[in-house]
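Subject: Structure for you to look at

Hi,

Here is the structure we talked about. Please open it and keep it beside you as you read on.

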Amino acid sequence: MSTPHGADSEVGRLTTVMLHRPGNELKRLTPRNNDKLLFDGIPWVNRAQEEHDAFAETLRGRGVEVLYLSELLTETLESELARNHAITSALSGLHLGDTMRRYLATALRDKSPVELTEILIAGIRNDEVRGGHGLVTSLLDPHDFLVDPLPNLLFTRDSSVWIRDRVAVTSLAMPARKRETQLTELIYTEHPRFAGTRRIHGWHNEHVEGGDVLLLAPGVVAVGVGERTTPAGVERLARQVFHADLAHTVLAVPIAQERATMHLDTICTMVDVDKVVMYPNIAHTLEAVTVTVADHGSDENDLVLDVSQHAPFLVAAAKAMQIDTLHQIDTGLDPVTAEREQWDDGNNTLALAPRVAVAYERNDETNERLEEAGIEVVRVAGSELGSGRGGPRCMSCPISRDPLPQD
Ligand SMILES: NC(=O)NCCC[C@H](N)C(=O)O
């Protein structure tokens, strides 16, 4: 029997989370490729691992079961079907050519689940391959990747998101991250722990990234629309959650298409049932479009959506959540500190329960604001982890949260 999983809020007591401990994929980053691979610097890998281990230990210390994506993947790859599937998808890139694709397919089939996991995550560089040489490899640079490394797998938030008892495998927008969802989809499809889990969305659908999806309250889902999640992505997700009866309201929240605000959770996260920590420099201009069901129709595509005018985000959110006010706690102190701490993921907190949130220790002012508002701040180090531009929420995919207590 598989364990029931799922979450219907951002702040219900966190019981199980999926993390990815950064590994050799981070050692692939160089000053030549870090922009393309979506890192703002070259992390010191050992220190990043220490910081990540401390983060995981903090969660365990609070009673959270920590699952590692790489361990789930290795267990998944015990199945020959899953192994073949993983190899075929990893080698589907059109840059490989038939000669190298054939060579790698044969070579990878001989690898153990542990070795294959490592290769799927850390990638393969042209100069690391002994056979299969031909036209393509002689024209590629020795440092070019035949299979791209996945340094952003660290941010498990983005490649899948649980909405009630369903998991949405997302569809990542940036080329450097596309392969991540091949792995999450495989885990959720083939790993025995997730047997029987029903899925929505998928990597072949319109772009939706987990960092844009906030479960504001049971039945209310906010979705940022900007650099990553597209307008068509939020429409697809809305159709699916309404059709599966996972929510009654979706709030589509336009955010600036910039790196600093790549996901909704870079500017706003929940720390209590009625409190968000939010970037004040945009708080007053942030808007939302409220989407509900006008007619369920006979299937997902036939469902008719009711779409409101744009309204202030905090007002639209409170209305959908049926609360008087969604309170805002500001990032930083003054606009410049706020900008610095927003960049360093001051907004990107991970709630462990109502009024308990994990945050990067470096964001002194934001953490003080949170404490003044009655939030327990569980501080973790992120000097190296932060170079990928993600904080505690980005680095965690909640697999189970307790339902919120009824009052
Ligand atoms: N939810 C998040 O904001 N995730 C952080 C993703 C950072 C990663 N380097 C990226 O650019 O996609």
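Let's start with the ligand. By class, the shell around the ligand holds five nonpolar, six polar and five charged residues. That shell has 16 residues, and Leu-38, Gly-211, His-263, Gly-390 and Cys-394 come nearest. Bear in mind that this is a predicted model.

Next, look at two helices, α3 and α7. Helix α3 covers residues 80–90, and helix α7 covers residues 180–190. Their axes come within 11 Å and cross at roughly 165°. Angles over 145 degrees count as roughly antiparallel, so α3 and α7 are roughly antiparallel to each other. The crossing of α3 and α7 is right-handed. Which residues make the contact? From α3 they are Ala-82, His-85, Ala-86 and Ser-89. From α7 they are Gln-182, Leu-186 and Glu-190. By class, this contact has three nonpolar, three polar and one charged residues. Now check the spacing along each helix. An α-helix has 3.6 residues a turn, so residues three or four places apart point the same way.

Stay with α7. Is it enclosed or open? Nine of the 11 residues of α7 are buried, so this helix is largely enclosed by the rest of the structure. Glu-180, Thr-181, Leu-183, Thr-184 and Glu-185 are among the buried ones. The buried residues of α7 pack against helices α2, α3 and α5. They also pack against strands β5 (160–163), β6 (166–169) and β7 (198–201).

That brings us to α5, residues 113–122. Its buried residues are Leu-116, Thr-117, Ile-119, Leu-120, Ile-121 and Ala-122. What covers them? The cover includes helices α2 (69–76), α3, α4 (97–109) and α7. It also includes strands β3 (124–125) and β4 (145–147). Just after α5 comes Gly-123, with a positive phi of about 80°.

Last stop: Ile-399, in strand β19 (residues 397–401). Is Ile-399 buried or exposed? A residue needs 20 or more C-beta neighbours within 10 Å to count as buried. Ile-399 has 23 inside 10 Å, so it is buried. Now find Thr-15. Ile-399 and Thr-15 are 384 residues apart along the chain, yet their C-alpha atoms are separated by 7.8 Å. Leaving aside neighbours within four places in sequence, Ile-399 is in contact with His-5, Thr-16, Val-17, Met-18, Leu-67 and Trp-162.

Best wishes

Conventions. Residues are numbered from 1 along each chain as its sequence is written. This is a predicted model: local features need pLDDT of at least 70, side-chain atom pairs count only at pLDDT 80 or more; totals for chains, interfaces and linings use all residues. Axes are lines fitted to C-alpha atoms, for helices over the stretch in contact, and angles run from 0 to 180 degrees between N-to-C directions. Helices (H or I, at least four residues) and strands (E, at least two) are DSSP runs, numbered from the N terminus. Angles under 35 degrees count as roughly parallel, over 145 as roughly antiparallel, 65 to 115 as roughly perpendicular and the rest as oblique. A crossing is left-handed if the near helix is turned anticlockwise from the far one by less than a right angle, and right-handed if clockwise. Two residues are in contact if their C-beta atoms, placed from the backbone, lie within 7 Å. Ala, Val, Leu, Ile, Met, Phe, Trp, Tyr, Cys and Pro count as nonpolar, Asp, Glu, Lys and Arg as charged, and the others, Gly among them, as polar. A residue is buried if 20 or more other C-beta atoms lie within 10 Å of its own, exposed if 12 or fewer, and partly exposed in between; C-beta atoms are placed from the backbone. A residue is near a molecule or strand if its C-beta atom, placed from the backbone, lies within 6 Å of it.
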